[in-house]
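I opened this notebook to keep a record of what I looked up, one topic at a time. The entries below are meant for a reader who is new to structures.

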Amino acid sequence: MSLFVEWLVIILLILGAFFLMVGSIGLAKLPDFYTRLHAPTKASTLGIGAVLIASSIYFSVNQEGISVKELVITLFLFITAPITAHMMGKAAMHKEKQALDRTQNQHLQEPARNRLPPEATEQP
């Protein structure tokens, strides 16, 4: 393995570990559910993505052929993490989980809570 590839893998692993640590600290330290939701979905997604890309580069260089498994996992993670965060935030909003007082645009939560699903508003 060349020196450039080794350094690239090392940098990606350190970067991934840093983002994973920031996401974990944010999950533990942020004050309410809505702000706490951002830490694992944003920082940790970048962290695990960097670790998986480093793994893919390492195994592609050391084995015959391209390691596609890690790339597929990374793609799946980047697609599902924002959708999961959106659904968790929406569920918390409908369960009337209170946000911090300093949260902006709280007046928009009530109309969103009372909105009916599309199939309930259709007339037969």
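**Entry 1: ground rules**

I noted that this is a predicted model, in which local features need pLDDT of at least 70 and side-chain atom pairs count only at pLDDT 80 or more, while totals for chains, interfaces and linings use all residues. Residues are numbered from 1 along each chain as its sequence is written, and side-chain values use heavy atoms, with hydrogens and water left out.

**Entry 2: the chain as a whole**

I looked up the secondary structure and found 5 helices and 0 strands, where helices (H or I, at least four residues) and strands (E, at least two) are DSSP runs numbered from the N terminus. Read from the N terminus, the order of elements is α-α-α-α-α.

I then asked how much of the chain is buried. Of its 124 residues, 26% count as buried; the word stands for under 20% relative accessible area, with exposed for over 50% and partly exposed for what lies in between (1.4 Å probe, protein chains only). The chain exposes about 9,000 Å², and carbon and sulfur atoms supply 68% of that area; accessible areas come from the Shrake-Rupley method with a 1.4 Å probe, and for residues only the protein chains shown count as cover.

For contacts, meaning heavy atoms within 4.5 Å, I wrote down that residues 24 or more positions apart account for 60% of those in the chain with a separation of 6 or more.

I found a nonpolar patch on the surface, formed by Leu3, Trp7, Ile10, Ile11 and Ile14, with about 540 Å² of accessible area together. Patches are made of residues with over 30% relative accessible area and no salt bridge, where like charges are joined within 9 Å and nonpolar side chains (Val, Leu, Ile, Met, Phe, Trp, Tyr) within 5 Å; a salt bridge is a side-chain nitrogen of Lys or Arg within 4 Å of a carboxyl oxygen of Asp or Glu. Leucine 3 is in helix H1, residues 3-29, and counts as exposed because its relative accessible area is 59%.

**Entry 3: aromatic pairs**

I counted what the structure holds in aromatic pairs and noted 3. Rings of Phe, Tyr and Trp (its six-membered ring) pair if their centres lie within 6.5 Å, and planes under 30 degrees apart count as stacked, over 60 as edge-to-face and the rest as tilted. Why is the pair of phenylalanine 18 and phenylalanine 19 edge-to-face? Their ring centres are 5.7 Å apart and their planes stand at 65°, so the pair falls into that class. Phenylalanine 18 is partly exposed at 45% relative accessibility, and phenylalanine 19 is partly exposed at 25%.

Phenylalanine 33 and tyrosine 34 also form an edge-to-face pair, with 5.8 Å from centre to centre and 80° between the planes. Phenylalanine 33 is partly exposed at 23%, whereas tyrosine 34 is buried at 16%.

Returning to phenylalanine 18, I saw that this residue is found in helix H1 and that its C-alpha atom is separated by 8.9 Å from that of alanine 43, 25 residues apart along the chain.

**Entry 4: two residues of helix H2**

Tyrosine 34 lies in helix H2, and its side chain reaches the backbone oxygen of alanine 92 at 3.4 Å. This is a polar contact (a pair of N or O atoms within 3.5 Å; within protein, one must be able to donate a hydrogen and the other to accept it, and residues adjacent in sequence count only if both atoms are side-chain atoms).

Threonine 41 is in helix H2 too, residues 33-62, and is buried at 16% relative accessible area. Its side chain reaches the backbone oxygen of histidine 38 at 3.3 Å, and, not counting residues up to four places away in sequence, threonine 41 touches Ala81 and Ala85.

Leaving aside neighbours within four places in sequence, threonine 74 is in contact with Gly49, Leu52 and Ile53.

Leucine 75 lies in helix H3, residues 69-94, and is exposed at 54%; its C-alpha is 8.6 Å from that of glycine 49, 26 residues apart in sequence.
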